[in-house]
Amino acid sequence: MQLNQEILDRLEKVLTENNLNKRQFALSIGAQTSGISEVFNGNIGSLSGTTVKILEVIYGINPIWLETGSGKQYKSTIVTMDEEESQMIAKTRKLTKENKVLLKALIDTLWLKQCTDIKKMKRAAKRSKK
């Protein structure tokens with residue numbers, strides 16, 4: 001996404017609405033603080049598709065709004081992230097490719113277990129209502 005002043009203003013609005021400074025914002029999206037400063041200083045001409053997707057997932061930002069100013073600022077589901085989650089993402093970005101594969105497998109396993117546990121709880125709740 002090619003950057004212009006309007007997009008930078010919209011990014012600044014995201015920071016303001018989420019009470020973030022540039023350092024906190026960088027941490028939350030797994031970026032270097034210096035890189036975010038370069039973006040806001042106009043020294044970087046575009047945002048990568050990955051960064052736009054991260055903004056969409058983490059902050060619920062509508063990419064069309066970010067690029068054009070048209071439509072709703074936020075998608076229907078807004079996901080927020082606390083400092084611990086931001087730090088986890090920042091650390092994950094520094095892992096080797098092999099370790100990222102291992103981490104993904106671990107997360108997938110934990111997610112599957114959690115989903116299975118939730119299904120069991122729902123079934124138990126239904127049985128107890130009968």
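This is a predicted model: local features need pLDDT of at least 70, side-chain atom pairs count only at pLDDT 80 or more; totals for chains, interfaces and linings use all residues.
Student: Why is Gln-73 counted as buried?

Tutor: Its relative accessibility is 11%. Buried means under 20%. So Gln-73 counts as buried.

Student: Where is Gln-73 found?

Tutor: Gln-73 lies in the loop between α5 (63-68) and α6 (83-93).

Student: What does Gln-73 touch, leaving aside residues up to four places away in sequence?

Tutor: Gln-73 touches Lys-13, Val-14, Glu-17, Gly-60, Ile-61, Asn-62 and Trp-65.

Student: What makes the pairing of the Gln-73 and Glu-17 side chains a polar contact?

Tutor: The distance is 2.8 Å. A polar contact needs a pair of N or O atoms within 3.5 Å, one able to donate a hydrogen and the other to accept it. The pair of Gln-73 and Glu-17 is therefore listed as a polar contact.

Student: Tyr-74 is also joined to Gln-73 by a polar contact. Why do these neighbours count?

Tutor: Residues adjacent in sequence count only if both atoms are side-chain atoms. Here the contact joins the side chains of Gln-73 and Tyr-74, at 3.2 Å. So the pair counts.

Student: What else describes two packed helices?

Tutor: The distance between the axes.

Student: Which residues make the contact of α2 with α6?

Tutor: From α2, Leu-27, Ser-28 and Ile-29. From α6, Glu-83, Ser-86, Ile-89, Ala-90 and Arg-93. They divide into four nonpolar, two polar and two charged.

Student: Which residues of helix α3 are buried?

Tutor: In α3 (residues 33-40), Ile-36, Val-39 and Phe-40 are buried.

Student: How do you know that they are on the same side of α3?

Tutor: They cover an arc of only 90° around the axis, which puts them on the same side. The buried residues of α3 pack against α1 (5-17) and α2 (22-29).

Student: And which residues are buried in α4?

Tutor: In α4 (residues 49-59), they are Val-52, Ile-54, Leu-55, Glu-56, Ile-58 and Tyr-59. Their cover includes α1, α2, α5 and α6.

Student: What comes just after α4?

Tutor: Gly-60, with a positive phi of about 70°. After α3 comes Gly-42, whose phi is positive, near 80°.

Terms used
Residues are numbered from 1 along each chain as its sequence is written. Side-chain values use heavy atoms; hydrogens and water are left out. Buried means under 20% relative accessible area, exposed over 50%, partly exposed in between (1.4 Å probe, protein chains only). Helices (H or I, at least four residues) and strands (E, at least two) are DSSP runs, numbered from the N terminus. The arc is that of the directions from the helix axis to the C-beta atoms. Contact means heavy atoms within 4.5 Å. Ala, Val, Leu, Ile, Met, Phe, Trp, Tyr, Cys and Pro count as nonpolar, Asp, Glu, Lys and Arg as charged, and the others, Gly among them, as polar.
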